[in-house]
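Work through the exercises below with the sequence and the 3D structure at hand. Try each task before reading its solution.

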Amino acid sequence: MEDSNGQLVSNDGSKAKMLNDYFSSVFVNEVDDGNFFDQNIIQNNPECDTINTIDVNRDIVLEAIEKLNVSKAPGPDGMHARVIKECKESFSIVFTLIFKKSLQEGVLPKQWKQANVKALFKKGKRTQCKNYRPVSLTSIVCKIFETIIRDHITEFLEGNNLITNHQHGFRSGHSCTTQLLELMEDFTDFYEMEIPYDCIYLDFAKAFDRVPHQRVLTKLYNLGI
């Protein structure tokens, strides 16, 4: 790994620190001015309800366990997805009790907040920190909990028409293919009607790393979503 002076560093501890310093520099800490989340998303939907409770029962937990990818690496707790899936009947009872307790008290177990960060090479020179991206290996049990909450939120957003029909990413039944089909249909209509059109393509470098995720989650929570 190259340091700031272009010198190769071979010590594992030094390389880990260099990667950590670089990954930390990528994230953006923004001051919340109160306007980050568009309040109109609720105000423009006066009949829209809010999520007051998230139902968790054994059947829901079993369904979430079935969705686990057994090839995924475990987090710091060492709980492997294959073990959980093979023993789902027993684990589902315990997980249901833990998830309900967490929701009731509004507290997430401390161990679930920990992660093993692995640096994955993307492209370019392997000796440069900028060519790696961090991947957090978190608790599989927490991921099951996240899946249940995500499904509830998605169902709420879809049911109240709070997601535009032009949103194709991260939606069931939508993909890059459906987005391209819609785009090509628009292009065809413009061409047949002889209407000129312009296209702007954007590609943000390290876009996901730069999103202030905590602020988004806080705003959603405060709005009752």
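This is a predicted model: local features need pLDDT of at least 70, side-chain atom pairs count only at pLDDT 80 or more; totals for chains, interfaces and linings use all residues.

**Exercise 1: A residue of α5**

Task: Decide whether Thr 96 is buried or exposed, and list its contacts beyond four places in sequence.

Solution. 
Step 1. Thr 96 is located in helix α5.
Step 2. Its relative accessible area is 8%. The cut-off for a buried residue is under 20%, so Thr 96 is buried.
Step 3. With neighbours within four places in sequence left aside, Thr 96 is in contact with Val 56, Asn 57, Arg 58 and Val 61. Among these, Val 61 is one of the buried residues of α3.

**Exercise 2: A patch on the surface**

Task: Name the residues of the nonpolar surface patch that includes Ile 98, and say how accessible Ile 98 is.

Solution. 
Step 1. The patch consists of Ile 93, Val 94, Leu 97 and Ile 98, and together they have about 340 Å² of accessible area.
Step 2. Ile 98 belongs to helix α5. With a relative accessible area of 32%, Ile 98 is partly exposed.

**Exercise 3: Salt bridges**

Task: State how many salt bridges a search of the whole structure finds, then describe those of Glu 2, Lys 15 and Arg 150.

Solution. 
Step 1. The search gives 9 salt bridges.
Step 2. In the salt bridge between Glu 2 and Lys 125, the closest N and O atoms are 3.1 Å apart. Glu 2 is in the segment before α1 (12-26), while Lys 125 is in the loop between β1 (116-121) and β2 (132-137), so the pair ties together parts that are 123 residues apart in sequence. Lys 125 is partly exposed, at 45% relative accessible area.
Step 3. Lys 15 forms a salt bridge with Asp 12 (3.8 Å, N to O). The two residues are 3 residues apart in helix α1, which means a separation of about one helical turn. Lys 15 is partly exposed at 26% relative accessibility, whereas Asp 12 is exposed at 60%.
Step 4. Arg 150 and Asp 151 form a salt bridge whose closest N and O atoms are 3.0 Å apart. Both are partly exposed: Arg 150 has a relative accessible area of 45% and Asp 151 one of 30%. Salt bridges with shared partners join Lys 67, Arg 150 and Asp 151 into one network.

**Exercise 4: The whole chain**

Task: Give the number of helices and strands, and the percentage of residues that are buried.

Solution. 
Step 1. The protein chain contains 9 helices and 2 strands, in the order α-α-α-α-α-β-β-α-α-α-α along the sequence.
Step 2. Of the 225 residues in the protein chain, 21% are buried.
Step 3. The accessible surface of the protein chain is about 16300 Å², and 53% of this surface belongs to carbon and sulfur atoms.

Conventions:
Residues are numbered from 1 along each chain as its sequence is written. Side-chain values use heavy atoms; hydrogens and water are left out. Buried means under 20% relative accessible area, exposed over 50%, partly exposed in between (1.4 Å probe, protein chains only). Helices (H or I, at least four residues) and strands (E, at least two) are DSSP runs, numbered from the N terminus. A salt bridge is a side-chain nitrogen of Lys or Arg within 4 Å of a carboxyl oxygen of Asp or Glu. Contact means heavy atoms within 4.5 Å. Patches are made of residues with over 30% relative accessible area and no salt bridge: like charges are joined within 9 Å, nonpolar side chains (Val, Leu, Ile, Met, Phe, Trp, Tyr) within 5 Å. Accessible areas come from the Shrake-Rupley method with a 1.4 Å probe; for residues, only the protein chains shown count as cover.
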